[in-house]
Amino acid sequence: MSETVKLLELQNIEKSFGDLEVLKSLSLDVNKGEVLVVIGPSGCGKSTLLRCINGLEPIQSGKIKLDGEEITAPGIKWSKVRQKIGMVFQSYELFPHKTVLDNIILSPLKVQKRNKADAVKDALALLDRVGLLDKKDAYPRQLSGGQKQRVAIIRSLIMEPEIMLFDEVTAALDPETVREVLDVMLELARSGMTMIIVTHEMQFARAVADRVIFLDEGEIVEEAEPEAFFEKPKSDRASRFLNIFNFNEKK
Amino acid sequence: MQDLGIRVLFIGNNMQRLLLGLWETVQISLIAVILSIFLGIILGMAMTVKNPALRAVTKVYLEVMRIMPQLVMLFIVFFGLTKAFGINLSGRVSAVIVFTLWGTAEMGDLVRGALISIPPHQYESGAALAMTKLQVYIYVVIPQTVRRLIPLAINLTTRMIKTTTLVVLIGVVEVLKVGQQIIEANRYTYPSAAFWIYAAIFALYFLVCWPISLVARRLERKWQFGGDAK
């Protein structure tokens, strides 16, 4: 808690799809190096929140600032901004016609115009870090879900983003491969990466989070340190939500 | 003498005539296929545009082309146009027009299918990797669409070649017609000519279509990546 530098600032952002208000004047700061976990019932706006941050969804009002620069200003170059914001999706979305290595180096080569040898070297180092070096020439269809998701993570990482967004990245995985993905994220968190994680893995949330926010119906209902939140949620809505998981565990 | 009927294939320039007939078929098919691919791409892209009027028109066109037997279309273009408007088209031109109209519909549907089969998340993950719209199309969407499309387009080509046998009915002298002429001419000297000639025609079609479908299958296997082994 010595130095806190605000990396990402959301000021009163509003988002609706037609008549449906998904985010209601939501404000949120994320500090450099912080790991923020967003939980909440489905349809609460968690995924939309992430998608607004990297411009996949336009917002109706409010401001988003990254490094003090307003990225929601008109005329902003998203292809510049998104180099600083990595995002990993639930469905991996590797490019099926490219090998693992080509998936990873595509953006460094085409967007960042890095030289190939350099990009390949970085890609191989990252593959090694997540234990998938032997899969570099495989096609996505030849990988398990957990392997695909690890590739998707380093495909974002190689761009050297300042912040990483994780949108329920383990939700589509078989239970036995969830762990390998969470381990990669945990290691990433420890290395000081700023992360916003949307997840339903409560144990993991507790282990990885510096701060938890509970989102319901487009509003931040509760914001707390993980221990406090999971032990004694202050709001009714949050405790009811957490109870669902406890009940499931007892069953 | 019965089993010497096969000799009918080699007397005079019969084989050469059959091959020339085949060339006629292949020519009509190839021209129609090339036009169909080109026009079909445009039609397919038009079908993905969210414009109700455009959608309705393309839909009707597609249905009509698929429901109407190609033979009926050939008759309409070859005989109908002449009777009704005095437009006199040669059999070849009529054939190319009809097969292009039909092929465009088929190809258009294939293109549309390939385009919408790219999940929206593919566009988004490209965007999330900081690619511009154009880069997403060039490196992500188009390569996948083309890979899906090529084997299907090749299959369409073989179907086209087979269906062009119908042009015999509007008087185009292609392989089948040549075959019939040879059979007629040798009715008394080689009574079994019909068998050998049609067998030869079968073999010729096979030799043309088989390599094409082999290539299609090859490409399909090489490029099948869609299956999501979770």
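About 2400 Å² of area is buried between chain A and chain B, and carbon and sulfur atoms give 57% of that. Keep in mind that you're looking at a predicted model.

Arg51(A) pairs up with Glu124(B), with their closest N and O atoms 2.7 Å apart.

Glu124(B) turns up again in the lining of the largest pocket. Rolling a probe the size of a water molecule over the atoms shows where empty space is left. The largest pocket holds about 360 Å³ of space, and its lining includes Trp78(A) and Arg82(A) as well as Tyr123(B) and Tyr137(B). Helix 2 (78–81) of chain A, along with helix 5 (120–128) and helix 6 (133–163) of chain B, are the elements giving two or more residues to that lining. Sorted by class, the lining has 6 nonpolar, 3 polar and 3 charged residues.

Now follow chain A to its strands. Strand 1 (residues 6–17) pairs with strand 2 (residues 20–31) in the antiparallel sense over 8 bridges. Phe17(A) stands opposite Leu20(A), and the hairpin has 2 residues between the strands, with Gly18(A) taking a positive phi near 65°. Strand 1 of chain A also pairs with strand 4 (residues 61–66) of chain A, again antiparallel, over 5 bridges. There, Gln11(A) has Lys63(A) as its bridge partner.

Note on methods
Residues are numbered from 1 along each chain as its sequence is written. Chains are lettered from A and ligands numbered from 1 in the order in which they are written. This is a predicted model: local features need pLDDT of at least 70, side-chain atom pairs count only at pLDDT 80 or more; totals for chains, interfaces and linings use all residues. Side-chain values use heavy atoms; hydrogens and water are left out. Two strands pair if DSSP finds at least two bridges between them. Helices (H or I, at least four residues) and strands (E, at least two) are DSSP runs, numbered from the N terminus. On a 1 Å grid over the protein atoms alone, a cavity is a set of points where a 1.4 Å probe fits but cannot get out, and a pocket is an open set with protein on both sides within 12 Å along at least five of seven lines; lining residues have an atom within 4 Å of a point. Grid points are joined across faces, edges and corners, and a volume is the space filled by probe spheres set on the points. Ala, Val, Leu, Ile, Met, Phe, Trp, Tyr, Cys and Pro count as nonpolar, Asp, Glu, Lys and Arg as charged, and the others, Gly among them, as polar. Buried area is the accessible area (1.4 Å probe) that two parts lose on being put together, summed over both. A salt bridge is a side-chain nitrogen of Lys or Arg within 4 Å of a carboxyl oxygen of Asp or Glu.
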